[in-house]
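Please open the model in your viewer and keep the selection panel at hand. The stops below go from the whole chain to single residues.

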Amino acid sequence: MVGFGAREAIVADRRITGLSHEVIAALVTEVGPVWQARHEARLSDRPRRRAIGAGARYKLVFVDRLLATLAHVRHGVTHDVLAC
């Protein structure tokens, strides 16, 4: 998970995502619940060997995934750069 200070720096610097922090907050508010619902539906869609929620946790929470996606779309950077 991206540290709180790193996330704040990414959101504060408009050059990274191309969006203001108000727009990013609106995206999180609007897209976050839809992403979570689709994710849960995808998990419960198929027969499972383990219970939902078992196994490894995501390393990136939704906000961090959104910021990585925005940086990727804006700059066309590789996954190696995003991992840093």
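## Charges and overall form

Begin by selecting the charged side chains: the protein chain carries 13 positive and 8 negative ones, and the centres of the two sets are 9 Å apart. In this count Lys and Arg are positive and Asp and Glu negative, with His and the chain ends not counted, and each charge is placed at NZ of Lys, CZ of Arg, CG of Asp or CD of Glu.

This is a predicted model, in which local features need a pLDDT of at least 70 and side-chain atom pairs count only at pLDDT 80 or more, while totals for chains, interfaces and linings use all residues. Residues are numbered from 1 along each chain as its sequence is written, and side-chain values use heavy atoms, with hydrogens and water left out.

Now colour by pLDDT, the predictor's confidence in each residue on a scale from 0 to 100. The protein chain averages 83, and 93% of the residues score at least 70. Among the elements, helix α3 (residues 21-45) has the highest mean pLDDT, 90, whereas helix α5 (residues 79-83) has the lowest, 71.

Switch to a cartoon view, where the protein chain shows 5 helices and 0 strands, in the order α-α-α-α-α from the N terminus on. Helices (H or I, at least four residues) and strands (E, at least two) are DSSP runs, numbered from the N terminus.

With the C-alpha atoms selected, the protein chain fills a box of roughly 45 × 30 × 25 Å along the principal axes. Its radius of gyration is 15 Å, while a compact globule of 84 residues would have one near 12 Å; the radius is taken over C-alpha atoms, and the globule rule is 2.2 Å times the number of residues to the power 0.38.

Select helix α4 (residues 62-75), where L66 is found. L66 is buried, with a relative accessible area of 13%; buried means under 20%, exposed over 50%, and partly exposed in between, with a 1.4 Å probe and protein chains only. Which residues does L66 touch, not counting those up to four places away in sequence? They are I24, L27 and V28, where contact means heavy atoms within 4.5 Å. For a distance label, draw a line from L66 to Q36, which is 30 residues apart in sequence and 13 Å apart in space, C-alpha to C-alpha.

Next select F62, which is also placed in helix α4 and counts as buried at 15% relative accessibility. Leaving aside its neighbours within four places in sequence, F62 is in contact with V28, V31, G32 and W35.

## Towards the surface

Is K59 buried or exposed? K59 lies in the loop between α3 and α4, and K59 is exposed, with a relative accessible area of 70%. Its C-alpha atom is separated by 22 Å from that of E30, 29 residues apart along the chain.

Finish at E40, in helix α3, which counts as partly exposed at 44% relative accessibility. E40 and A9 are 31 residues apart in sequence and 30 Å apart in space, C-alpha to C-alpha.
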